[in-house]
Amino acid sequence: MPRGILRGPRCSLLRARKKYSDVEGTLALHALLRRMPDLRLNGPTERFKNSDFWGRYKMPVAGQCAGNHGRQRVRAKSYTSTSIYYCSPFHHPPGCSLWASFEANLMKPRQPTFDFSNTPARWTRNGEFSQSSNATSTAIPHLERFLNRVMAKARAEIEGDDTASVRLREDISIFIKQEANHYTAHADFNEALKRHGYTMLDSFEREALAHYSKLLQTKSLAFLCAYCEGFETLGPPSAVAWLDNLEPILEGGDLAAIGLWKWHLMEEYEHRNICFDVFNRIHGGYFLRVYGLLYQAFFLFRYTARVRSYLLSEDRRSMSEEEVVASKMNERAIMKRMRHRIFRQFLRAMSPTYSPYASPQPKNYDAYMATLESTL
Ligand SMILES: [Fe+2]
Ligand SMILES: [Fe+2]
């Protein structure tokens, strides 16, 4: 038997089974592994990426380990939230207090509720930033419905009972639930936005809907997957911006709108590898991936620029000349920062070795997720 097979995941699972003396523990481990996204392992734990199977499943944990796991003796350790420790679920079976950390790291759909009834159109002190985000929000219900349709089509094409296929189909199902929650919340937000008198938003949205419907009817599944992956490429840097860098702009803003974006982008980071994995499974290939990336960017950026321009032109009707000048300068500054962020991500994504697994995790990711989940 070639040596590689002995070192592969299958063999490691057999070794793991030996460590878990009870059947329930083994089953729980397998269930966890099937749903465990590598993304959490290869972001901050990039150094483990090329290590063995055990290393690949190391995850950040916090808590107190009892240190006595049946036949396997593990030295008692305290894993505190002040530092990040990386452990593998193989070494801390169900029943250990650290097991909760592994489960908490699983990708899952969350459905917080937001009340936008008192949300103004310019929901931060920086109105141009708010309207730029609003422009993107108008595309999201149509875009993410489209993502879900493509992923559902792809899931039907992924056959096989091997672990990788089963896990990918399960990941797609969770992805679809997350995106459905996102577009439902953004549709609510968009309705609230329209109540502020932006009468042309419906016609813009019809345009977005027509674009995605046409793609679904005319393009191959391989291209559609590349298109979806192109959009998902934008998730990780946006998550870093929203969770780590935008606090000076967001301070004092509307909590419902800010909560919507932070939750959405946290989950975008969480599922950032799904479309990439699906694209590689359905077709793969560098040139098609880059073509999908550029194709989706061409439509999305042109669309959002036009909607932003419309929203701001409506706002400027009631401004003085000086305010209009200041508003235009602020818009340019906001867009410059955004373009810089997107350009850097595009450079990364254009590399043949690009992998969303390596995208840096937002520093406040764990803290934000813990806060969010305590409110659900
Ligand atoms: Fe989303
Ligand atoms: Fe997404």
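Predicted model: local features only at pLDDT ≥ 70, side-chain atom pairs only at ≥ 80, totals over all residues.

Student: How many residues does α16 have, and how far does the helix reach from its first C-alpha to its last?

Tutor: The expected span of a helix is 1.5 Å times one less than its number of residues. Helix α16, residues 321-349, has 29 residues and reaches 41 Å between its end C-alpha atoms, which is close to the expected 42 Å.

Student: At what angle do α10 and α15 pack?

Tutor: Such an angle is taken between N-to-C directions and runs from 0 to 180 degrees. For α10 (residues 221-232) and α15 (residues 286-316) the angle is about 65°, with the axes 7 Å apart, and the crossing is right-handed.

Student: Which residues meet there?

Tutor: From α10 come Ala222, Phe223, Ala226, Tyr227, Glu229, Gly230 and Phe231, and they meet Leu288, Arg289, Tyr291, Gly292, Leu293, Tyr295, Gln296 and Ala297 of α15. By class, this contact comprises 10 nonpolar, three polar and two charged residues.

Student: What of the protein as a whole, and how many helices and strands does it have?

Tutor: The protein has 17 helices and six strands, and 37% of its 376 residues count as buried. Among contacts between residues at least 6 apart in sequence, 80% join residues at least 24 apart.

Notes: Residues numbered from 1 in each chain as written. Chains lettered and ligands numbered in written order. Helix = DSSP H or I, 4+ residues; strand = E, 2+ residues; numbered from the N terminus. Left-handed = near helix turned anticlockwise from the far one by under 90°. Contact = placed C-beta atoms within 7 Å. Nonpolar A, V, L, I, M, F, W, Y, C, P; charged D, E, K, R; others polar. Buried ≥ 20, exposed ≤ 12 C-beta atoms within 10 Å, placed from the backbone.
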